[in-house]
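The sequence and structure come first.

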Amino acid sequence: MSKAYIIEVHNRTAGIVTAHERGFSFFSSERAFDSLDGQHFASARDAERAARALLTVRGGRVRRAAF
């Protein structure tokens with residue numbers, strides 16, 4: 001049985017992660033998170049942190065972080 005989790009950031013669905021033997025793979029569901037698509041993470045929480053790091057909250061608006 002596979003495990004999949006939805007990753008949400010500021011009420012936006014960033015994508016899903018699916019569990020495998022070495023951790024979790026991220027699949028983007030929104031363009032703002034495409035840079036994470038296909039990346040592997042040790043935990044679902046690590047994937048969520050990476051998605052959150054892409055966005056920042058300034059003045060009540062969510063904006064893509066500049067990297």
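The text below covers the sheet, the helix across the sheet, the core and a few single residues.

The model is predicted: local features need pLDDT of at least 70, side-chain atom pairs count only at pLDDT 80 or more, and totals for chains, interfaces and linings use all residues. Residues are numbered from 1 along each chain as its sequence is written, and side-chain values use heavy atoms, with hydrogens and water left out.

Helices (H or I, at least four residues) and strands (E, at least two) are DSSP runs, numbered from the N terminus. Four strands form an open sheet in the order β1-β2-β3-β4, with antiparallel pairing; two strands pair if DSSP finds at least two bridges between them. At the edges are β1 (4–9) and β4 (40–41), each of which pairs on one side only. Six bridges join β1 to strand β2 (residues 12–20) in the antiparallel sense. In this part of the sheet, Val9 stands opposite Arg12 in β2.

Helix α1 (residues 44–54) lies across β1, β2, β3 (23–28) and β4 and runs at about 25° to β1. Axes are lines fitted to C-alpha atoms, for helices over the stretch in contact (heavy atoms within 4.5 Å). Angles run from 0 to 180 degrees between N-to-C directions.

The largest nonpolar core has 15 residues, of which Ala14, Val17, Phe26, Phe33 and Ala51 touch the most other members. Elements giving two or more residues to this core are β1, β2, β3 and α1, and α1 gives the most, with four residues. A nonpolar core is a set of buried Ala, Val, Leu, Ile, Met, Phe, Trp, Tyr and Cys residues joined through side-chain atoms within 4.5 Å.

Buried means under 20% relative accessible area, exposed over 50%, and partly exposed in between (1.4 Å probe, protein chains only).

| Residue | Relative accessible area | Class |
|---|---|---|
| Leu55 | 5% | buried |
| Ser25 | 8% | buried |
| Phe24 | 15% | buried |
| Tyr5 | 37% | partly exposed |

Ser25 lies in strand β3. Its side chain is joined to that of His20 by a polar contact of 3.1 Å; such a contact is a pair of N or O atoms within 3.5 Å, where within protein one must be able to donate a hydrogen and the other to accept it, and residues adjacent in sequence count only if both atoms are side-chain atoms.

The structure holds one aromatic pair. The ring centres of Tyr5 and Phe24 are 6.1 Å apart with planes at 55°, so the pair is tilted. Rings of Phe, Tyr and Trp (its six-membered ring) pair if their centres lie within 6.5 Å; planes under 30 degrees apart count as stacked, over 60 as edge-to-face and the rest as tilted.
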